[in-house]
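Which charged side chains pair up in this chain, and where do they sit? The paragraphs below go through the salt bridges one at a time.

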Amino acid sequence: MSVTKKVGRPKAFDRDNALAKATGVFWKQGYEGASMKLLTDAMGINSPSLYAEFGDKHGLYLEAINSYATNDACTPLVALETEPDITQAVRAFFEAVIDYSTHHASGAKGCFLVSCVATSAGHVEGTAELLRDAITSTDSRIKARFDHEIELGNLPREFPSADRAKLMFDLRQGMVFRARAGFDDSDLTGDTEKYVSSVLAKPEN
């Protein structure tokens, strides 16, 4: 009697690491340019293992977006939320943006959501919804930090939390776009204090 071995994922399979590797491939190559061979080689698994774990390339892509949005892209938000002083917190947010935009472990520059996901949102099912969720979540978390500072009396009652949250997000997008274009961290750091001042400027009466 012949015994057929079941093809499965490697014993030492690290799902988070595999997703990070896949993200790097999608980031550099785009959704269409990320071939199964490039993906499986980077992830250290074979095609049957990829299909067994993620369903298909599309499923892998959506999981890569989710993983990035809840890990790498949240690093600046964590910096904003954990630094006690609001001025230092806003500064830490932008510094974190510069760091992951120019020194990501994958070697890619900019932001995965901006460089890859945004360009595929119109034709890869499910990506537009994930992108909107990431933007909305970011706006909400930044606004919540500002609202907390208003309650503490560290920001004026009339401080426009929602508008300044969107401003921070838009400034972040400009930073990652410049990083994608090849500007290094020293170029981007020069604008940090200007951005901090713009975000925290007292509203005009």
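Asp-147 is partly exposed, with a relative accessible area of 26%; here buried means under 20% relative accessible area, exposed over 50%, and partly exposed in between, using a 1.4 Å probe and protein chains only. This is a predicted model, in which local features need pLDDT of at least 70 and side-chain atom pairs count only at pLDDT 80 or more, while totals for chains, interfaces and linings use all residues. Residues are numbered from 1 along each chain as its sequence is written, and side-chain values use heavy atoms, with hydrogens and water left out.

The side chain of Asp-147 forms a salt bridge with that of Lys-143, at 2.7 Å from N to O. A salt bridge is a side-chain nitrogen of Lys or Arg within 4 Å of a carboxyl oxygen of Asp or Glu. Lys-143 is also partly exposed, at 32% relative accessibility. Both residues belong to helix α8 (residues 127-152), and because they are 4 residues apart there, about one helical turn separates them. Helices are DSSP runs of H or I with at least four residues, strands are runs of E with at least two, and numbering starts from the N terminus.

Another salt bridge joins Glu-193 and Arg-91, also at 2.7 Å from N to O. This pair links distant parts of the chain, 102 residues apart: Glu-193 lies in helix α11 (residues 192-200) and Arg-91 in helix α6 (residues 86-102). Glu-193 is partly exposed at 41%, whereas Arg-91 is buried at 17%.

Lys-194, partly exposed at 48%, pairs with Asp-191, their closest N and O atoms being 3.4 Å apart. Arg-15, Glu-53 and Glu-63 are linked in a network of salt bridges. The count comes to 9 salt bridges.
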